[in-house]
Amino acid sequence: MPFAGWEMPVQYEGVIPEVRAVRTDSGVFDVSHMGELEVEGPRATDLLQATLSNDLGKIGPREAQYTLLTNERGGIIDDLIAYRLEDFRYLLIVNAANREADYRWLKERELPGSDVRDVSDDYALLAVQGPRAIERLGLTEARQFTFAEGEIDGIQCMVNRTGYTGEDGCELLAMADDGAALWDRVLARGVAPCGLGARDTLRLEVCFPLHGNDITPETDAISAGLGWCCALDKEFSGVQELREVKARGPERKLVPFVMEEKAVPRSGMAIEGGGVVTSGTHSPMLDRGIGLGYVPAASAAVDTELSIDVRGRKRRGRVVRRPIYKREENR
C-alpha cells in the first residue's frame, strides 16, 4: 500500500503469524521509509535542547533518547529518537510522514554554529525485533537505547538497541545500497519478514503511540501520558503551556483499554461521555479487541468501564494499565 511516498508491505504470511513470530522468536520490518536528520556543529546541542522536549544532557555519546518535537502550544509535531553520535553531532530518526515538516521546523530555527541536514535518502533501516532477535543476528547483548557499529554477514551497519514493538531487538541502519542485501541476509538467519499490519498491532499491544492517530500537533504530551519525556525544568517550544496543563491537570487523557465484549474498536469510534478511540485492533496475543483513546480525566482511572460505539452498537470496554500486553502475564 502507498504510505508517505513509499510502497509498503502490509503483510507477508499474515498479521497474526507475524505478530506471534515477533512475540515468541523474531521478525524483521523494513522501515527504510523513516526519516533521518543530522544535526551538527558546536551549537547543535543548544538547538535541540530548545526544540526537543527531553533533556539531551542525560545521554552521552553512543546513547539514544526518546523525545518529542513540540510547537509553541505544546502540541506534538513528531515523536522521535535522538542518537548522540558525538559531542557535537546527532542523528534524529523521525516518522516518515513528518520528515519534511520536522526538517523545516528545525532548519528555520538553526542557530549560528548548527547545521541541520536531511540525509534520509542515504540510508536503509531494518527493525529486527523479538526475544531471539539478538541471538539470530549473532550480536552481543547491550543496554537498551545504546548503539554501536556492527556487521551482519559482511554488511556494515549501525546497530541501534531501539524498536517499536516492546520486545528485545535492534534497528539496523545501513547505507541505502546495502538495504536489499541486508534484508536477504537477515531472512537467511531465520528471522520472519513482517509488514505494517503486524507492526501496528505490536506497538498497540504495548501502548506505544502512533503520530497522526494518538498524538498530533493538536494534542499535548501531558494528556497523552508522555510527560515522562518532557523536561519541564528546561526551556523548549511550548514548555510553559505544558507546565500549565500539568499544574491544573489535563481535561482529557489517553488511556489503554480492552474490550469486555466481542468487538474490534477502530480509530474515530465514539466513547460515551465525550471520548474517542484513536487506535484500535484485535490482539492476536490476547484474542480480544484492544485500543487507545482519549476520555475525560474523570473516566481515565484503571478499571473504569467504557461504552464504545462499534458500528452503531454499544460495546463494553475497560481501562487497563500500560502496557496492555505483558509477556510474563500472558505466557
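Let's start at one residue. Thr281 touches Thr201, Leu204, Val264, Pro265, Arg266, Arg288, Gly289 and Ile290, leaving out residues up to four places away in sequence. Contact here means heavy atoms within 4.5 Å. Thr281 sits in strand E16, residues 275–283. Thr281 is buried, at a relative accessible area of 10%. Buried means under 20% relative accessible area, exposed means over 50%, and partly exposed lies in between, with a 1.4 Å probe and protein chains only.

A word on the model. It is predicted, so local features need pLDDT of at least 70 and side-chain atom pairs count only at pLDDT 80 or more, while totals for chains, interfaces and linings use all residues. Residues are numbered from 1 along each chain as its sequence is written, and side-chain values use heavy atoms, with hydrogens and water left out. Helices (H or I, at least four residues) and strands (E, at least two) are DSSP runs, numbered from the N terminus.

Now the sheet. Five strands make an open sheet in the order E5-E6-E7-E4-E8, with antiparallel pairing. Which strands stand at the edges? Strand E5 (63–70) and strand E8 (115–118) do; each has a single partner strand, so one side of each is left without a neighbour in the sheet. From one strand to the next, the twist averages 25°. Two strands pair if DSSP finds at least two bridges between them. E5 and strand E6, residues 76–86, pair in the antiparallel sense over eight bridges. Within that pair, Ala64 stands opposite Tyr83 in E6.

Stay on E5 for a moment. Thr70 is in this strand. Thr70 is buried, with a relative accessible area of 0%. The Thr70 side chain reaches the backbone oxygen of Ser237 at 2.7 Å. Setting aside neighbours within four places in sequence, Thr70 is in contact with Thr51, Gly75, Ile77, Trp105, Phe236 and Ser237.

Next, the helix over the sheet. Helix H3, residues 99–108, lies across strand E4 (35–40), E5, E6, strand E7 (89–94) and E8. H3 runs at about 165° to E8. For such angles, axes are lines fitted to C-alpha atoms, for helices over the stretch in contact, and values run from 0 to 180 degrees between N-to-C directions. Which residues of H3 are buried? They are Arg99, Asp102, Trp105 and Leu106. They cover an arc of only 135° around the axis, which puts them on the same side of H3. That arc is taken from the directions from the helix axis to the C-beta atoms. The buried residues of H3 pack against E4, H2, E5, E6, E7 and E8. The face turned away from the buried side carries the exposed residues Glu100 and Glu108.

On to the core. A nonpolar core is a set of buried Ala, Val, Leu, Ile, Met, Phe, Trp, Tyr and Cys residues joined through side-chain atoms within 4.5 Å. The largest one has 47 residues, and Phe29, Leu68, Tyr83 and Leu226 have the most contacts inside it. E6 gives the largest share of this core, four residues. Take Leu68. Not counting residues up to four places away in sequence, its contacts include Ile76, Ala221, Leu226, Cys229 and Cys230.

Another pair of strands. Strand E10 (residues 147–152) and strand E11 (residues 155–160) pair in the antiparallel sense over six bridges. Phe147 has Asn160 in E11 as its bridge partner. E10 and E11 form a hairpin with two residues between them. In the turn, Asp153 has a positive phi of about 50°.

Arg62 has one of about 70°, although it is not a glycine. Arg62 is in the loop between helix H2 (44–51) and E5, and is partly exposed at 39% relative accessible area. For Arg311, phi is near 55°. Arg311 is in the loop between strand E18 (305–310) and E19. Buried or exposed, where does Arg311 fall? Arg311 is exposed, with a relative accessible area of 65%.

Two last stops. The peptide bond from Arg322 to Pro323 is cis, with omega near -10°. Pro323 is in the loop between strand E19 (313–319) and helix H8 (327–330). Then Gly179, in helix H5, residues 179–188. Gly179 counts as buried, at 11% relative accessibility. Gly179 touches Ala124 and Leu126, residues up to four places away in sequence not counted.

Notes: Polar contact = N/O pair within 3.5 Å; in protein donor to acceptor, adjacent residues only side chain to side chain.
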